[in-house]
Amino acid sequence: MLRMSGGEALVKSLVREGVEVVFGLPGIQLYGIVAALRDEPSIRTITTRHEQATTYMADGYARATGKPGVAIVVPGVGLYNAAAGLATAYARCSPVLVIAGQIPRDQIGKGLGGVHEIADQPSVVRPVTKWQRRVLTPKDIPYAVNEAFRQMRTGSPRPVMIEIPPDAGVEREQVVLRRPAPLSPIVPSREQLREAARVIAESSLPLIYAGGGVARSDGEEALVRLAQATNIPVITSVGGKGAIPDNHPLSYGSCVSPMGERHEMNQLYEVMQAADVVIGIGTRFSLGNPAGESSTLININIDDNELTRIQSNTIPLHGDARVTMEALLPLLEEAGAGDRPSPVEAVVAARRLIAYYDIQDQEPQYPILQVIQNAIPDDAFVVWGVTQFGFYARTHFQVQHPKTYIDSGYSFNLGYSFPTALGVKVAKPDRPVVCIVGDGGFMFNASELSTAVRYGINLTTVIFRNDSYGNVARDLDDFFDGTHETDLHNPDFVEFAQAFGAVGMRAEHPRDLGELIPLALEQPNPVIIDVPIKNMPFPRPKALQHVSSLAWTVPERE
């Protein structure tokens with residue numbers, strides 16, 4: 001038992017949980033915590049220019065490392081600002097701890113008008129956090145931190161929140177620090193696994209559908225071994241991109257539908273509908289299982305709320321994706337599932353039609369995406385903003401390394417990609433990291449270029465500039481007889497970058513990215529590449545024609 005302040009108890013508890021980086025913005029209610037961080041050499045503190053960036057950066061850090069990211073903000077407006085990053089982390093099941101200040105303990109709930117006071121602060125982030133806790137005394141802080149990390153490391157790893165009043169941060173009392181909670185991976189019973197192995201072995205057209213839970217369990221190698229041992233091809237959700245290399249002979253690629261609508265977006269739906277057994281691994285099946293009740297769904301998921309939600313004809317396997325696959329493999333061999341003929345020729349033939357289903361003849365999207373693909377190293381992390389290229393990347397950008405594809409999930413929020421990519425680069429300073437963003441999205445958090453320069457975060461950011469909210473402008477033109485207030489006034493992005501001390505580059509044409517991206521990745525400083533581009537037409541080939549018929553995207557005609 002040691003006598004220490006609440007701030008010291010918090011920081012020492014974070015150290016015990018393995019935290020090495022904290023993203024934060026100091027404020028009056030956090031002085032006890034900030035002082036403790038100052039005096040702790042094993043934790044690096046990165047100060048952002050806006051609270052929104054703290055949670056975005058923590059999310060990027062978490063997704064690149066698999067370890068929880070930590071953000072610290074002032075109460076009230078600070079937590080409101082940080083909530084956008086929590087929403088994205090929630091959508092992608094990312095473990096992010098946000099530590100929020102509070103007003104003084106004796107003022108909470110009395111409506112006296114304290115600085116940054118809001119009523120019932122935890123309710124602000126309850127919809128986008130898995131767990132919340134108010135801690136009022138220093139001695140209670142270690143337990144709260146211990147439980148927060150246990151929550152992030154068990155079940156579905158979504159964001160959590162702890163709030164600490166300023167007096168608890170500076171008061172001193174006897175504190176007992178805690179060790180990290182020991183965790184045992186959940187694995188289904190042998191009987192359940194044996195039944196699943198039997199069904200798989202007896203199937204005629206099985207298919208694996210892999211989601212983001214594979215990466216969160218570090219199960220990528222186990223997935224490849226499972227596919228190869230059984231000759232079962234793999235489709236990934238967007239969150240699962242990279243769980244199996246896109247160039248693997250058993251990989252069909254990623255299957256998505258825009259705006260969460262369940263439509264036959266491409267031939268992958270036809271492939272899934274033909275399956276008699278679908279092995280879902282670490283996925284929510286957000287669009288449902290296209291094979292439906294005609295198939296048997298073997299559903300491997302750490303979240304027991306997801307196990308039987310999809311369809312009645314389900315064999316639920318409650319467990320960690322990696323450990324469950326590893327336990328299933330010998331039983332599949334025992335059941336004879338490895339005797340299945342190789343489907344590689346059929347997969348490769350189908351993939352020629354599937355992988356480039358809608359924009360291979362589309363100008364200028366497809367050629368530009370290919371230039372980007374060729375210019376970025378295979379092992380690079382790429383963070384895709386909510387842009388047209390970000391949409392196409394969900395199916396078309398080829399991913400060969402685990403955890404290197406990062407997007408906003410169903411959150412689809414502008415502004416997330418630049419600070420998230422900064423967090424990725426903090427986590428992986430020796431790996432190439434590229435952010436692909438539009439001019440509208442970049443300006444949401446453009447001030448974080450100051451953060452990048454200050455801390456030497458040499459991220460490469462490609463800004464596609466059409467001086468408008470281009471997707472919205474196009475849709476209003478196409479479906480509502482004209483746009484309205486979608487034009488933007490931008491700075492000169494090259495001069496903007498240079499004003500912060502970063503490197504600014506300008507492409508005369510998007511194809512120049514083939515030379516500029518490799519050059520930018522060699523720079524020791526942050527790089528902004530300005531890429532002027534005209535508004536792009538919406539692809540009209542067969543796979544995407546249905547989008548214009550979505551009832552809520554077009555006006556109702558008389």
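Is Glu 485 buried or exposed? Select Glu 485 to find out: this residue is exposed, with a relative accessible area of 70%. Buried means under 20% relative accessible area, exposed over 50%, and partly exposed in between, using a 1.4 Å probe and protein chains only.

**Before you go on**

This is a predicted model, in which local features need pLDDT of at least 70 and side-chain atom pairs count only at pLDDT 80 or more, while totals for chains, interfaces and linings use all residues. Residues are numbered from 1 along each chain as its sequence is written, and side-chain values use heavy atoms, with hydrogens and water left out.

Element names come from DSSP runs, numbered from the N terminus: helices are H or I of at least four residues, strands are E of at least two.

**Stop 1**

Glu 485 sits in the loop between H19 and helix H20 (493-500).

Step back to Asp 481, which follows H19. Its phi is positive too, near 65°.

Now jump to Asp 120. This residue is not a glycine, yet has a positive phi of about 50°. Look for Asp 120 in the loop between S5 and helix H5 (121-125). Asp 120 is partly exposed, at 44% relative accessible area.

**Stop 2: the sheet with S2**

Show the strands S2 to S7. Six strands form an open sheet, in the order S3-S2-S4-S5-S7-S6, with parallel pairing. Two strands pair if DSSP finds at least two bridges between them. From one strand to the next, the twist averages 20°.

Zoom in on strand S2 (residues 21-24). Four bridges join S2 to S3, and the two run parallel. Gly 24 stands opposite Thr 47 in S3.

Contact means heavy atoms within 4.5 Å. Axes are lines fitted to C-alpha atoms, for helices over the stretch in contact, and angles run from 0 to 180 degrees between N-to-C directions.

**Stop 3: the nonpolar cores**

A nonpolar core is a set of buried Ala, Val, Leu, Ile, Met, Phe, Trp, Tyr and Cys residues joined through side-chain atoms within 4.5 Å. Select Phe 23, Met 57, Val 125, Val 426 and Phe 442. Of the 50 residues in the largest nonpolar core, these touch the most other members. Apart from that core lies another, of 32 residues, including Ala 210, Ile 232, Val 277 and Ile 298.

Center on Val 426. Not counting residues up to four places away in sequence, Val 426 touches Val 21, Phe 23, Arg 44, Ile 46, Met 57, Tyr 61 and Ile 457.

**Stop 4: the sheet with S15**

Move on to S15 and its partners. Here is an open sheet of six strands, ordered S16-S15-S17-S18-S20-S19, with parallel pairing. Strand S16 (405-406) and strand S19 (503-506) stand at its edges, each with a single partner strand.

Four bridges join strand S15 (residues 381-384) to strand S17 (residues 433-438), running parallel. Within them, Val 383 stands opposite Cys 435.

**Stop 5: Asp 320**

Where is Asp 320 found? Look in the loop between strand S14 (314-318) and helix H12 (321-335). Asp 320 is buried, with a relative accessible area of 16%. Leaving aside neighbours within four places in sequence, Asp 320 is in contact with Pro 185, Ile 186, Ser 217 and Ile 302. Now pick Ile 281, 39 residues apart from Asp 320 along the chain. Their C-alpha atoms are separated by 9.3 Å.

**Last stop: helix H19**

Finish on helix H19 (residues 470-479). Which of its residues are buried? They are Gly 470, Asn 471, Ala 473, Arg 474 and Phe 479. What covers them includes helix H15 (388-396).
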